[in-house]
Amino acid sequence: MKPLEIKTAFLDAGLNITDRNKEFYSYFEKAGLLYSHADEIVSESQKDDFKSFIRTGSSGSFSAFKFKKNNGEEILNVVWLDKPDDKSILVKIAEIPRIISFVGDAALYEKQMHTALGIASDYLFTYCKSTNIFTLQSFLQGHKTVLYEQDIDSWKTQVVTEGLIEKTDEAEFESKINELKECNPDFSMTVSSSIRFSLQMFEKLVFSAKRIKAGNEVYMVGRILPEVFVERSEKSDKFLNEIKFDSLTGVYNKKAILNLARSRFVEGTKENAVLAIVDLDHFKSVNDAYGHLAGDKVLEKAGEILRKITGEGGVVGRYGGDEFLLILEDMNDESTFRGVFQIITSEMRAAFKDMFPDIKVTVSIGSALYPKDGKTFDELFKKADFCLYRAKDKGRDRYVFFREDLHGELYKKASEAKTEGIKYDVREVLELKSMAAFMLDLEENPKPAAETVLKHMLATYNLDAITIFYGDGVKRRYFIGKDPDELKEAGYIKSAEFKNALNGRPYIRVDFTTEMDECARPFGKILDGRGIKSSIQCILGTKDNPQGLITFDRLREGALWAEYEVNCCVMFAAAVNLLPQEKLLKIFS
């Protein structure tokens with residue numbers, strides 16, 4: 001069955017679009033438009049009604065509006081609202097014709113699934129803690145029937161009064177229903193009941209359930225099956241494990257995500273899917289210092305963030321204690337999954353920024369692309385795991401995706417040595433050697449030495465531009481790479497914003513111009529206004545009296561700098577800063 005395409009966008013209190021999923025982008029913005037406000041996507045005649053609906057509607061509210069596709073066509077869509085807190089609004093949008101088609105497909109699919117899984121006599125139940133409502137459904141001959149949907153205390157009294165529970169099990173039944181209402185992670189109950197037949201035909205039934213969180217709601221979701229279908233030794237584990245979600249984080253549990261991953265990554269399936277391992281940095285320190293309840297809050301929040309970002313474009317599961325597996329679909333180019341990983345790292349960083357004063361909880365991510373990096377789950381997992389260790393070795397709070405040109409040699413060595421990670425990097429050693437050769441040649445052949453190493457850095461560090469500004473007006477003296485007109489001078493090095501961003505250092509490292517510290521944010525806006533998304537900026541002269549600047553820039557998108565890249569850029573600037581002014585101007589002119 002084809003999934004229902006749901007366009008998702010997050011809005012702030014001013015109805016500005018702060019985040020969106022892939023389906024939203026494709027539906028509204030693929031033609032090159034970039035919408036920033038919610039009312040820009042709706043038909044002109046419905047703007048006021050649409051804004052009123054979003055502002056006044058409560059979570060679960062829905063209505064229909066005409067939306068403008070990227071080709072100018074207007075199509076009727078249903079809109080659902082979710083308001084998880086006072087600061088954000090989640091809007092979900094789906095075309096009405098597609099909903100109708102999906103409902104028809106779903107009915108057929110449900111019948112096929114019942115037949116295929118042999119659950120024609122299965123009974124499923126849910127309990128919602130906030131409403132105290134218990135729902136029991138049966139699946140008979142391919143049809144779903146709601147048998148009960150009422151207050152759980154009322155239901156408990158009714159089935160006992162009607163004699164649907166064996167007299168000897170009534171006390172156990174009432175006690176266990178009270179336990180179900182507590183919504184502990186796991187629930188199991190075995191009682192003699194005629195609830196499936198209502199004809200005084202008693203049988204031993206096993207009720208098994210798991211706790212599920214969806215937004216602010218807490219549910220117990222489970223199955224009812226005859227005990228004769230269950231081996232006594234497997235009763236609890238087998239049936240509880242068949243419920244596929246991790247009770248704490250709300251994502252798939254380990255068994256479910258591994259089954260999904262192994263069936264997804266087999267030769268011949270759809271290409272351009274990413275397998276990623278997301279690991280919480282310093283999580284053990286949280287447990288040790290603040291206890292497991294604090295650790296559970298971190299895991300719960302991490303699961304919520306990963307579910308939100310992954311959306312309809314993939315699945316997420318909890319692989320281990322503080323590790324999650326992600327399967328991301330339709331990752332057609334490097335910039336696409338870079339963007340997803342940037343959002344994950346930045347949102348995690350922000351979510352835990354003020355939670356613990358002495359522990360910085362962030363995430364490290366390793367990933368591999370199917371089928372380029374591997375044609376089976378095991379191949380992809382090994383490479384993603386290798387990249388995760390590279391992210392950890394490079395300082396955490398970053399992502400590394402497998403690249404044969406960068407990681408192939410080291411991965412081969414790690415595999416042969418059967419080690420998870422190697423604490424040195426062939427690339428880092430090569431870069432340090434390159435910088436050492438530059439400094440040795442700087443005295444005798446300064447211009448060729450500088451040009452050689454700058455060309456190497458431009459290509460190897462995935463830069464768009466390297467620029468040297470110097471002298472009166474801090475004008476541009478040397479340039480290599482792309483040439484935006486805005487980069488003709490760097491007079492801002494005399495500004496308070498620049499000094500704040502330096503924070504006492506002779507250089508500034510900017511991974512994402514939009515995410516700079518509060519004191520340096522004005523300088524981040526300066527860079528962003530010039531089209532610079534990620535930069536290392538090294539002063540020439542002194543911190544108190546800067547005379548020039550060397551910038552290493554990425555103009556297309558922000559990205560985390562590797563530590564060796566930062567070190568080599570700073571080393572290059574330090575060597576240039578030792579040159580007499582006459583020689584410096586002669587080399588870079």
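**Cysteines, a helix pair and model confidence**

Student: How many disulfides does the structure hold?

Tutor: The structure, which is a predicted model, holds zero disulfides.

Student: Are Cys128 and Cys568 buried or exposed?

Tutor: Cys128 is buried, with a relative accessible area of 9%, and Cys568 also counts as buried, at 0% relative accessibility.

Student: Switching to helices, how do H8 and H9 pack?

Tutor: Helix H8, residues 283-290, packs against helix H9, residues 292-310, at an angle of about 145°, and their axes are 7 Å apart.

Student: Which residues meet there?

Tutor: From H8 there are Phe283, Val286, Asn287 and Tyr290, which meet His292, Ala294, Gly295, Val298 and Leu299 of H9; by class, this contact has six nonpolar residues, three polar ones and no charged ones.

Student: What about confidence in the chain?

Tutor: The mean pLDDT is 82, with 85% of the residues at 70 or more, although over residues 235-240 the value is below 50, a stretch for which the model has 16 contacts beyond near neighbours in sequence.

Student: Where else does pLDDT stay under 50?

Tutor: Residues 420-424 stay under 50 too, and the model gives them twelve contacts beyond four places in sequence. Where pLDDT is low, the predicted coordinates should not be read in detail.

Conventions. Residues numbered from 1 in each chain as written. Predicted model: local features only at pLDDT ≥ 70, side-chain atom pairs only at ≥ 80, totals over all residues. Heavy atoms only, no water. Axes fitted to C-alpha atoms, helices over the stretch in contact; angles between N-to-C directions. Helix = DSSP H or I, 4+ residues; strand = E, 2+ residues; numbered from the N terminus. Contact = heavy atoms within 4.5 Å. Nonpolar A, V, L, I, M, F, W, Y, C, P; charged D, E, K, R; others polar. Disulfide = S-S within 2.5 Å. Buried < 20%, exposed > 50% of the residue type's maximum accessible area, 1.4 Å probe, protein only. pLDDT = per-residue confidence, 0-100.
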